Amino acid sequence: MPAPQSVLECIQLGKRVALADGPLDLLSEISFALPEGDSLAIVGASGSGKSTLLALLAGLDLPTSGSVALAGTDLASLDEDGRARLRGRLAGFVFQSFQLLPELTALENVMLPLELASRKGARDIAAAWLERVGLGKRLAHTPRTLSGGEQQRVALARAFATSPRILYADEPTGSLDTHTGERIAELLFELNRETGATLVLVTHDETLAARCGARLRLAAGRAVEQTGFAA
């Protein structure tokens with residue numbers, strides 16, 4: 001049986017920035033391949049490079065050395081618009097701060113990426129996903145009338161509504177209380193199993209990280225632990 005194709009691969013990935021007192025390496029020599037459908041937790045102390053790595057893996061920033069390939073496409077070979085189009089076609093995002101548009105209803109927030117992608121039936125798809133995350137009766141509510149947990153459920157519905165091949169989640173439970181965070185984490189992994197999307201998760205929560213198939217631990221921008229990756 002052939003091995004699953006890598007949906008995300010980075011080779012000797014590095015990021016350096018210029019400071020007044022000299023260059024600073026934010027990341028150095030990160031290499032791994034993540035097969036389709038797998039899950040990866042990126043862990044480490046604050047300032048270890050987790051968010052920098054996530055931004056490079058999603059093509060939100062470009063490395064100063066090495067390469068990142070998303071679904072076989074070298075992200076550095078595309079301009080900013082090209083990377084945005086690739087993300088729109090392949091990726092979903094969940095953030096600690098939810099990133100919902102405050103003037104839009106829950107339904108409109110979930111519809112937005114579908115409409116940007118010119119998907120037919122955007123309203124029905126969005127409503128079905130909100131129903132799936134337990135917010136079928138909250139479609140017309142704006143974010144300010146929803147609890148933090150409910151807002152993150154809207155964000156999950158928005159992320160999965162476009163049927164992404166890969167989902168990037170940056171501290172998705174970080175701003176929630178423990179009980180609500182556990183419920184959101186359970187929903188995230190449940191939806192991930194159902195859809196078969198590849199999950200890349202940045203988290204400080206070791207219990208959450210342990211639920212992922214692979215783990216990459218960073219310290220001072222370097223990988224100090226890599227477990228669960230295929231040889």
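Which residue, with a positive phi, follows H3? That would be Ser-118, with phi near 60 degrees. Keep in mind that this is a predicted model, where local features need pLDDT of at least 70, side-chain atom pairs count only at pLDDT 80 or more, and totals for chains, interfaces and linings use all residues. Residues are numbered from 1 along each chain as its sequence is written, and side-chain values use heavy atoms, with hydrogens and water left out. Helices (H or I, at least four residues) and strands (E, at least two) are DSSP runs, numbered from the N terminus.

- Four strands make up an open sheet, in the order S2-S1-S4-S5, and their pairing is antiparallel. Two strands count as paired if DSSP finds at least two bridges between them.
- Strand S2 (22-35) and strand S5 (73-74) sit at the edges with a single partner strand each, so one side of each has no neighbour in the sheet.
- S4 (residues 65-70) pairs with S5 in the antiparallel sense, over two bridges. Leu-70 has Thr-73 in S5 as its bridge partner.
- Helix H1 lies across S1, S2 and S4 and runs at about 125 degrees to S1. For that angle, axes are lines fitted to C-alpha atoms (for helices over the stretch in contact), and angles run from 0 to 180 degrees between N-to-C directions.

**Val-17 in S1**

- Val-17 belongs to strand S1 (residues 6-19). With a relative accessible area of 25%, Val-17 is partly exposed; the cut-offs are under 20% for buried and over 50% for exposed, with partly exposed in between (1.4 Å probe, protein chains only).
- Setting aside residues up to four places away in sequence, Val-17 touches Gly-22, Pro-23, Leu-24 and Leu-26. Contact here means heavy atoms within 4.5 Å.
- Val-17 and Glu-29 are twelve residues apart along the chain, and their C-alpha atoms are separated by 15 Å.

**Lys-50, a buried charge**

- Lys-50 is part of helix H1 (residues 50-57).
- Does Lys-50 count as buried or exposed? Lys-50 is buried yet has no salt bridge, and the nearest side chain of opposite charge, Glu-171, is 4.8 Å away. On the charge count, Lys and Arg are positive, Asp and Glu are negative, and His and the chain ends are left out. A salt bridge needs a side-chain nitrogen of Lys or Arg within 4 Å of a carboxyl oxygen of Asp or Glu.
- The Lys-50 side chain does reach the backbone oxygen of Gly-44, at 2.9 Å.
- Apart from neighbours within four places in sequence, the contacts of Lys-50 include Ile-42, Ala-45, Val-202, Thr-203 and Leu-218.

**Salt bridges**

- How many salt bridges are there by this rule? The count comes to eleven.
- Lys-15 and Asp-61 form one, with their closest N and O atoms 3.3 Å apart. This pair links distant parts of the chain, 46 residues apart: Lys-15 is in strand S1, and Asp-61 is in the loop between H1 and S4.
- Lys-15 is buried at a relative accessible area of 12%, whereas Asp-61 is partly exposed at 31%.
- Glu-29 forms a salt bridge with Arg-222, the closest N and O atoms being 3.5 Å apart. Glu-29 is in strand S2 and Arg-222 in strand S10 (residues 222-227), so the pair ties together parts 193 residues apart in sequence.
- Arg-222 is partly exposed, at 42% relative accessibility.

- S9 and S10 pair in the antiparallel sense over five bridges. Their hairpin has two residues between the strands, and Ala-220 takes a positive phi there, near 50 degrees.
- Arg-217 stands opposite Glu-225 in S10.
- Arg-217 and Glu-206 meet through their side chains in a salt bridge (3.0 Å, N to O). Arg-217 comes from strand S9 (residues 214-219) and Glu-206 from helix H7 (residues 206-209), eleven residues apart.
- Both ends are partly exposed: Arg-217 at 23% relative accessibility and Glu-206 at 39%.
- A network of salt bridges links Glu-206, Arg-215, Arg-217 and Glu-225.

**Back to H3**

- Helix H3 (residues 106-116) has these buried residues: Ala-106, Leu-107, Asn-109, Val-110, Met-111 and Leu-114.
- The cover over them includes helix H4 (122-132) and helix H5 (148-161).

Note on methods:
A polar contact is a pair of N or O atoms within 3.5 Å; within protein, one must be able to donate a hydrogen and the other to accept it, and residues adjacent in sequence count only if both atoms are side-chain atoms.
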